[in-house]
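Reader: I have the model open and want to go through how its parts pack. Can you start with the terms?

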Amino acid sequence: MMDMTSNVRPESLARIETEAQANAFIDEQIELIKAQVGDGKVLLALSGGVDSSVCAALLIKAIGKQLTCVHVNHGLLRKGEPEQVIEVFRNQMDANLVYVDAVDRFLDKLAGVDDPETKRKIIGKEFIDVFAEEAKKIEGVSFLGQGTIYPDILESDGVKAHHNVGGLPPELNFELVEPVKFLYKDEVRVVGKALGLPDGMVYRQPFPGPGLGVRCVGAITRDRLEALREADAIVREEIGKMNPAPWQYFCVVPDMKSTGIKDGKRYMGWAVVIRAVNTKDAVTAKAVELSWETLTTIRDRIIATVPGVNRVLWDFSDKPVSTIEWE
Ligand code: XMP
């Protein structure tokens, strides 16, 4: 059996590439989770990203309703994400899922705040507060499930750690259950597939913790955030048709307006900026070449359907000097 108290990947753990290897890993983790948790209760913040989803699915297989998943909708998720979490985990897997609609709470706190790091801090702190409040409502919890993966341990001072703020308050000193902590991202995906999670979840592109909050540039307003969410769904659908799809592709709506013309009348509207990059480690990145057909399809769909947008731009800058996100 693997030693889960260590932070060094065991040599006995061969790379997980096939379904059979994933199934053997899943069986072993189920035994390990049962041994660690016994009849205790586990809490997990379930964002719907691949790491937390695979972690949740493993825990559900091992301990079923002893796990409570908390999905915090902070209003900065992509189109359809909260619905997918509810569909997969509550409806299909019959998990204990607490869905917290915290949209107003987050957006009220963020109103008028335009400094990116302050926005990140507010989102990070509010998330912890909401999660801690939910944790206190559930009696007898002593474990915290967490979708930590091996690169998180190896690069605890890397890009992700640099951006992520927070930690649980000390009164919630739960013992961690981290079933995927020895796996690399591609292995987590193989395990997720073997667990029956939908492709849209398993092959999701990286998405920052503060979500659309750092793509609705400057002070977030609800109407501009909605325009961003709708445009992002179109960008992801169209660029997602590329084979292979880029490493990360999304859009940004800057806090500025420019002139448009409709029915002979001039008006001010927002610009949507398309961004698609390839990278190995997010430290450097290259803009991905998009075809004219892809660009014009995105442009036409956005202009026809997203209220308030009258211009579409393509950001084809590399990192350095341009970071992947705009904030
Ligand atoms: P940048 O913009 O620094 O982004 O080139 C590098 C990678 O990190 C992601 N990113 C974040 N991830 N919280 C996260 O979890 C954040 O605050 C954050 N900011 C950027 C970004 O999407 C890219 O993949």
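Author: Angles under 35 degrees count as roughly parallel, over 145 as roughly antiparallel, 65 to 115 as roughly perpendicular and the rest as oblique. Axes are lines fitted to C-alpha atoms, for helices over the stretch in contact, and angles run from 0 to 180 degrees between N-to-C directions. Helices (H or I, at least four residues) and strands (E, at least two) are DSSP runs, numbered from the N terminus.

Reader: And the ground rules for the model?

Author: The model is predicted, with local features needing pLDDT of at least 70, side-chain atom pairs counting only at pLDDT 80 or more, and totals for chains, interfaces and linings using all residues. Residues are numbered from 1 along each chain as its sequence is written, and side-chain values use heavy atoms, leaving out hydrogens and water.

Reader: OK, at what angle do α10 and α11 pack?

Author: Helix α10 (residues 222-239) and helix α11 (residues 292-305) pack at about 155°, and their axes are 10 Å apart. The two are therefore roughly antiparallel to each other.

Reader: Which residues make the contact?

Author: On α10, Ala231, Ile234, Val235, Glu237, Glu238 and Ile239; on α11, Thr294, Thr297, Ile298, Arg301, Ile302 and Thr305. Contact means heavy atoms within 4.5 Å.

Reader: Switching to the sheet. What is the strand order?

Author: It is an open sheet of five strands, β3-β2-β1-β4-β5, with parallel pairing. Two strands pair if DSSP finds at least two bridges between them. β3 (96-101) and β5 (175-177) are at the edges with a single partner strand each, so one side of each has no neighbour in the sheet. From one strand to the next, the twist averages 30°.

Reader: How many bridges between β1 and β2?

Author: Four, in the parallel sense, between β1 (residues 41-45) and β2 (residues 67-73). Leucine 43 stands opposite threonine 68 in β2.

Reader: Which strands does α5 touch?

Author: Helix α5 (residues 116-137) packs on the sheet and touches β1, β2, β3 and β4, its direction making about 155° with that of β1. Helix α1 (residues 19-37) lies across β1, β4 (141-145) and β5, and runs at about 165° to β5.

Reader: Last topic: how many salt bridges?

Author: The count comes to 28, where a salt bridge is a side-chain nitrogen of Lys or Arg within 4 Å of a carboxyl oxygen of Asp or Glu. One of them joins aspartate 186 and arginine 15, with the closest N and O atoms 2.5 Å apart.

Reader: Where do aspartate 186 and arginine 15 sit?

Author: Aspartate 186 is in helix α8 (residues 185-194) and arginine 15 in the segment before α1. The pair links distant parts of the chain, 171 residues apart.
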